[in-house]
Amino acid sequence: MLPVLVALLVWIPALVGLGSPVANALRRATGAVVSGAALRAAVAGLLGMFVAATVTAAANFFVAAYPFVSGGLLVAGWILVLRERRRWVRLPGRAWRTAGVVALIVALADARGMRLYDAGIYHLQAVKWVTSGPLPRGLANLFGSLGYNCAWFTFTAAVESPGLLGRGGFVVNAALAILLALPAVDSVMRWRGRAIRPHRVVLALMLYPLALYGIRDAMISSPAPDLVVILLVLLSTALWVRSPRFAPHALTLACFAVSIKPSAVPFLLLAAVATGAWARRGLRRPHLAVPVAMFCIAAGAIFLARGIWLSGYPAFPSTVGRVGGLSWTSPPGNVTRVARTIESWSKYHKVDEGATPGTPWVGWWFGRVGTSQPVVVAAIVLVTGAGLWIWRRPRLGTEASRALLAMMAMLPAVAFWFVTAPQPRFGYGYIFGVASLVLAVGLSGFVPRKVDPPVRQWATAGATVGLLLLVQIDLHLLKASWIRWPEIPRATLTTRRTVDGLVVHMPRGDDRVWAAPMPATPELDPNLRCEIDAKGIRRFWIEASPDDSQVLSRP
């Protein structure tokens, strides 16, 4: 647990420093000042993650991320944060106490070890390819999931600076949790004796996805990308509800979200429309927005190129934009198979009837997903907000009106998620976002009673204990070392040799390879080929024609 706390102490200030130039450029261009040190640190930290992920992705075309790229980013971040140290040392004592409590909780959650299933399937392997050498061409041909072009993996590789190689998965989501818990808790504390503002309700409700997916589902201790997309949607929505001048901030964060997961495309479109509507009236100094716009365009170009480099498709596993003239382009049948796997898993996962793609799924889906905790909690929040709205009939101010507009604009995003891949964690930012906005409108203008300090202290202690219970103190935690890194499971491996002599590591009795030596894959295409050019860059390709139907071999 202690190494995780040290790594967080080293990297969180550096991330805030890396994001400060972008945050300052947005402030100068829009005139919108992010008030509150906690929220300002969270926005700057997220922008710093975007910067680190983009720089690492660009450099990885030519060199490994470890040690010079990651080490350089760490040094640059500290230089930048020290330049503006007066701004950041002014964090109130409450923010420091909150950061300490949240750091303890996430460190305890990390101490259980890495348990997320997808981390063993491909997350760790995707990060290892970035830290170990120049990015291979056609990596999706080795294993389909390695073709996912995810900025969160390049950010994880960026965090693996000297001394942290192979441990970035324990740091990235933990840093995210600390940065976003600060404005969430701060928003709750600001309710005392004041009229509740809708954007603060949305900020406060970010605590639930952090507890649900971060702690309960063990994403804190893995480089899983789903949690950050959920929180980016909620944070950006809260900023825009507060003031339309924050639309460019939301658009910049939306660019980051899309570089992590394609499911954030509706979020990007909504942010772009909001920014365009505001810019027509409120952008008085457009030339000051050029640096941020150029950064976002450059980041988009880098990640599109990275997608083509990995698979021959800019938005893998979508076949749109296929570049067919490249020797490493994945066969369309293989890409379609990956997309159908995602769709089938989303629609038919845990269906006892053994449904297959093409059969009716909506009834089964509602029976399985409708009773799950994430959907039940979102429904409770939604119904509570609607009930308060009907009962109180609050006078809608500008913030509440924007919250209603944001809620209605987010409904098409919910529909998009339901039609494509309706797994709750893929679109929970939209689902819970709609529910949060309804509750925000219902509570708008409500003035909570002031609570006596002893009662407030007991309530705070009770909430802290409740979050600690979510960590689920079990044998994994009781056996954990307090002075060593948490445990990463080891796969039982066997090896297979391809026709051209490439030795591939494969798991035995399981699908997870975890941190196995590279190349490693749960399944092997018998037509896989590999070569290494004079610059040391690997190229994987499938020699068979796309029409050949090959059975992927397993141990």
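**Helix packing and other features**

Helices α2 and α11 cross in a left-handed manner, where left-handed means that the near helix is turned anticlockwise from the far one by less than a right angle, and right-handed that it is turned clockwise. The model is predicted, with local features needing pLDDT of at least 70 and side-chain atom pairs counting only at pLDDT 80 or more, while totals for chains, interfaces and linings use all residues. Residues are numbered from 1 along each chain as its sequence is written, and side-chain values use heavy atoms, with hydrogens and water left out. Helices (H or I, at least four residues) and strands (E, at least two) are DSSP runs numbered from the N terminus.

**Helix pairs**

- Two packed helices are described by the angle between their axes and the distance between the axes.
- Helix α2 (residues 37–59) packs with α11 at an angle of about 130°, and their axes are 12 Å apart. That angle makes α2 oblique to α11.
- Helix α11 (residues 226–242) also meets helix α19 (residues 424–443): their axes come within 8 Å and cross at roughly 30°. At that angle, α11 is roughly parallel to α19.
- The crossing in which α11 passes α19 is right-handed.
- Axes here are lines fitted to C-alpha atoms, for helices over the stretch in contact, and angles run from 0 to 180 degrees between N-to-C directions. Angles under 35 degrees count as roughly parallel, over 145 as roughly antiparallel, 65 to 115 as roughly perpendicular, and the rest as oblique.

**Salt bridges**

- The whole structure has 9 salt bridges, each defined as a side-chain nitrogen of Lys or Arg within 4 Å of a carboxyl oxygen of Asp or Glu.
- R425 and D226 form a salt bridge through their side chains, at 2.5 Å from N to O. R425 belongs to helix α19 and D226 to helix α11, so this pair ties together parts that are 199 residues apart in sequence.
- Both R425 and D226 are buried, a word used for under 20% relative accessible area, with exposed meaning over 50% and partly exposed in between (1.4 Å probe, protein chains only). For D226 the relative accessibility is 4%.
- K261 also forms a salt bridge with D226, and the closest N and O atoms are 2.6 Å apart.
- K261 counts as buried at 15% relative accessibility.
- D118, D226, K261 and R425 are linked in a network of salt bridges.
- D533 and R137 meet in another salt bridge, at 3.0 Å from N to O. The two residues are 396 residues apart, D533 in the loop between β3 and β4 (538–542) and R137 in the loop between α6 (117–132) and α7 (151–159).
- D533 is partly exposed, at 27% relative accessibility, whereas R137 is buried, at 17%.

**Backbone features**

- The peptide bond from F316 to P317 is cis, and its omega is near 10°. P317 sits in the loop between α14 (290–311) and α15 (332–348).
- A cis peptide bond also joins M518 to P519, with omega near -5°. P519 sits in the loop between β2 (503–507) and β3 (528–532).
- W514 is in the loop between β2 and β3. Its phi is near 50°, a positive value in a residue other than glycine. W514 is buried, with a relative accessible area of 5%.
- R393 is not a glycine, yet its phi is positive, at about 45°. This residue is in the loop between α17 (373–392) and α18 (398–420), and R393 is exposed, at 71% relative accessibility.

**Surface and loops**

- G509 is placed in the loop between β2 and β3. It is exposed, with a relative accessible area of 83%.
- G509 and L493 are 16 residues apart in sequence, and their C-alpha atoms are 8.9 Å apart in space.
- L2, V6, W482 and I483 make a nonpolar surface patch of about 440 Å². Patches consist of residues with over 30% relative accessible area and no salt bridge, with like charges joined within 9 Å and nonpolar side chains (Val, Leu, Ile, Met, Phe, Trp, Tyr) within 5 Å.
- I483 lies in the loop between α21 (475–478) and β1 (493–497), and I483 is exposed, with a relative accessible area of 64%.

Notes: Accessible areas come from the Shrake-Rupley method with a 1.4 Å probe; for residues, only the protein chains shown count as cover.
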